Amino acid sequence: MKKGLITVAALSALALVTGTAAPVSAADKTLKIELISKGETHQFWQAVKKGAEEQAAKMNATIHFQGPAAETMIDKQLEMLDAAIALKPDAIGYAALGTTESVSHLKAAHAAGIPVYMFDTAASCDGGVPALGPNSDCALGVAYTNSLAAGSLAADTMAKLLGGKGKVLVVGHSQTNQTGIDRANGFINRMKAKYKGIKLLTPQYAEGGDALKAQDIVAAALVANKDLKGVYGTNEGVSIGAGQAFKAAKLKNGAVKLIGFDSGKQQMANIKSGLQTGAITQNPVGIGAKTVEALVNYVRNKTVPKNLIDTGFYYYDKSNITDPKIVADLYE
Amino acid sequence: MSEVTSAGTKAEDGNKVAAFIRREIGRVTALASLVVIFTFFTVMRPVFASWANVSGGILMSTTVIGLMAIGVTFVIITGGIDLSVGTSMALVAVITGKTVMNMHLNVWSGILVGVLVGTILGSINGLLITVLKLPPFIATLATMKGAQGLALITSDLKPVLFTTDVKGWDSIAQGNIIPNFPNAVLILLISAIIASIILNKTVLGRYTFAIGSNTEATKLSGVKVNRWLVAVYALCGFFVGLAAVVMTSRLGSAQPDLGLGYELEAIAAVIIGGTSLLGGKGTISGTIIGALIMSVLINGLRILELQQEWQYVVVGAVILLAVYGDNVRRRRAGETTH
C-alpha cells in the first residue's frame, strides 16, 4: 500500500519532468543515483534500499540499488562500482566492502565528476573520515551507525535494568572487525566510567558470531557465576546463542537480563517471549535516506553535506517491538 | 573394548602385557592428560566439577564436534582426510530446517532427512576421491567451499528458525530421557559405541584399517577398495548429518554460516585421541577422549575467565604437547611413527 503510493508519486514526478519540453536544469530534473551496497538479499540491505527509495521519491530522484550476493565478493562489488561510474549517473552512494581496494575506484568516480557519498562502511580514503568533503578526491562523507555510541546505549539500558549493580558478561562477535570492537568497547567503557556498581566479567568472544560457541560461553559463565545478572551480545548470532544457553539452564525468564544486537526472526521471537530482554537495532532505513538526501542536496543545491552522518540506533524490547518507527528497522 | 591396531602386533608371541601396553598406551596417556586437566580446573574452581557444568557445560559442548570427529576417525584411518565436515554440517542443517519447516515434518522424519542428506554429501566426497581419483585433501576442500556457498544460497543468507510448531525439536539435544543427562550427550555416547562396533567387528571396519595400512596390498587381495572408501566417506557424512541435527536442536535454528573451522577442531580431536594422520591406526574411544580434552580445556579456561586471546594460545600448546607426547612415547615403545 505504502510502497504503491511511493511508486505512484515517483511516476508522477517522472511524468512531470518528462512532460516539460524545455531543457531542464539540475534544479528540477529527476536525478539518477546509483547505490552500490555490500549485499542485496540480506534484510538489513533491503531496509537500506527502502529508506533510499522513499527519500528519492520525496526529492525527485530515482535510485538503482545493487550489491553482490555475498559480503566476501569484493571483486564483484568493484565491478559494479566501475559499471556504475561508466553510466555517468548524477551521484553514487557506496558501501565499502574492500575498504582499501575501493579507493582507486572512488578516485576514478571523482575524476569523472560524479559525487560519491558512502554509507554503512567508509573506504580508507586518504586522511580518513576527517578529510572527506568536496575537496576530497575520494568521497563527500559517510552515513553510518556509531557503534561505540550504540554499545554505550546498551550499557545505559543494562545498568537501568539492573538498578546499577550486579555482574555482567559481554560476549562479542569479533575481536578484529571494527564494528564488533566498537560495539563491545562502547558498552565496556560506558560501564566502567559511569556504573561503579556493575562488575564486568572478562569479555569473551564467539568469533564470527558463532551461536554455538556463544551458547557454550554463556553456559560456562552461568555455572561459574551464580550471581550473573546480565549478558550483552554484540550481534544476532551471539544473542541467539545466549538465549539458548538460558533456555538450556532452565532459567526463569528475566532472571538474567539479555541485551542483544540487530534483529532477525529468532531474536525477535525471544524478545516477545521474554527469554531475551531487548536489543539495539541500527537504523538501516535512515542510512539509505540520509545518503540519498545528502547526494540530492549536494547535486541540486550545492549544499555540502556533513562528512559524517550518524544515522542513529534504538533500543527496543517487548513494549515497543511493534512501534512503527522501530518495525521499519527490524528484519526477520 | 579391544580395538585392533593394524601394525605393530608382531610381538604377539612375546610378552602379552607389553603388547597390551603398546596397543593401549595411546588412549591411556590421553585419558591421563584428560584427568590431569580436569583435576587442575577442579582445584582452581571447584564449581568446575559440578554436574551442572560437566553435563550442561563440558559434555554438551562436546556433542557437535564429537559426532563429527567420530565420522572423521574412519576417514583418517583410511589415510584420507575430510575438510568438508564443518560446512557440510551447515548445509545439512539448512536443508533439514527448510524441509522440516516447509513440509511440516515431525521430529523423527526431520532427523532422517538430516542423516540422509549428510550421508549423500559424504558419498559425493567418496565418489570424487574414487571415481575422479582426486586426492582427499583437494576433493574435500572443494566440497567444503561448495557446501559453504550452498548453505548460504539455500538459506537466503538467513538463519532457518525451527518454530514451535515443530514439536520437540529442541528436546533432541536438550531433553532428558535419562534425568539430568542431556539427550545430545546420550546420542554421542550411543554413536560412539555403534561406531566402535562398526570399526572393530564388521567388514567395513576391517577394510577401513586395511586400506589405511596398505591400499595396494588390500586391492591386490581382491577387495573392492573404491566401494569401501565411498562407504567410509558416506559413514562420515552420516555422523555429520547427526551433528547437524544436534546443532540445530541446541540452537533452535539452522545458522547457515556456522561450521567453517569446525573441521579442524574435529580433526584435532581425532589426532589428540591417538589416531595417526597417516592412516591404518585409530580408535573411537581415543577420539572421544580427544574431543573431551578440547572441551574440558576450553570450558575450564572460560570458567577461569582467561582472556580469549590467551585461550587460543593455551589450546594450541596443549594440542602440540598431546601429539608430541604421543610421538615420543611411541618411539620409546619401539613403534614406527606411523
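Which residues in H3(A) meet residues in H4(A)? In this predicted model, local features need pLDDT of at least 70 and side-chain atom pairs count only at pLDDT 80 or more, whereas totals for chains, interfaces and linings use all residues. Residues are numbered from 1 along each chain as its sequence is written, and chains are lettered from A and ligands numbered from 1 in the order in which they are written.

From H3(A), Leu78(A), Leu81(A), Asp82(A) and Ile85(A) meet His105(A), Ala108(A) and Ala109(A) of H4(A); two residues are in contact if their C-beta atoms, placed from the backbone, lie within 7 Å. Helices are DSSP runs (H or I, at least four residues), numbered from the N terminus. The residues of this helix contact comprise 5 nonpolar, 1 polar and 1 charged. Ala, Val, Leu, Ile, Met, Phe, Trp, Tyr, Cys and Pro count as nonpolar, Asp, Glu, Lys and Arg as charged, and the others, Gly among them, as polar.

Helix H3 (residues 74–86) and helix H4 (residues 103–111) of chain A pack at an angle of about 5°, and their axes are 10 Å apart. Axes are lines fitted to C-alpha atoms, for helices over the stretch in contact, and angles run from 0 to 180 degrees between N-to-C directions. H3(A) and H4(A) are therefore roughly parallel to each other (angles under 35 degrees).

The contact between the chains takes 27 residues from chain A and 29 residues from chain B. On the side of chain B that touches chain A, H2(B) supplies the largest share, 7 residues. By class, that side of chain B has 12 nonpolar, 12 polar and 5 charged residues.

Key. Helices (H or I, at least four residues) and strands (E, at least two) are DSSP runs, numbered from the N terminus. Angles under 35 degrees count as roughly parallel, over 145 as roughly antiparallel, 65 to 115 as roughly perpendicular and the rest as oblique.
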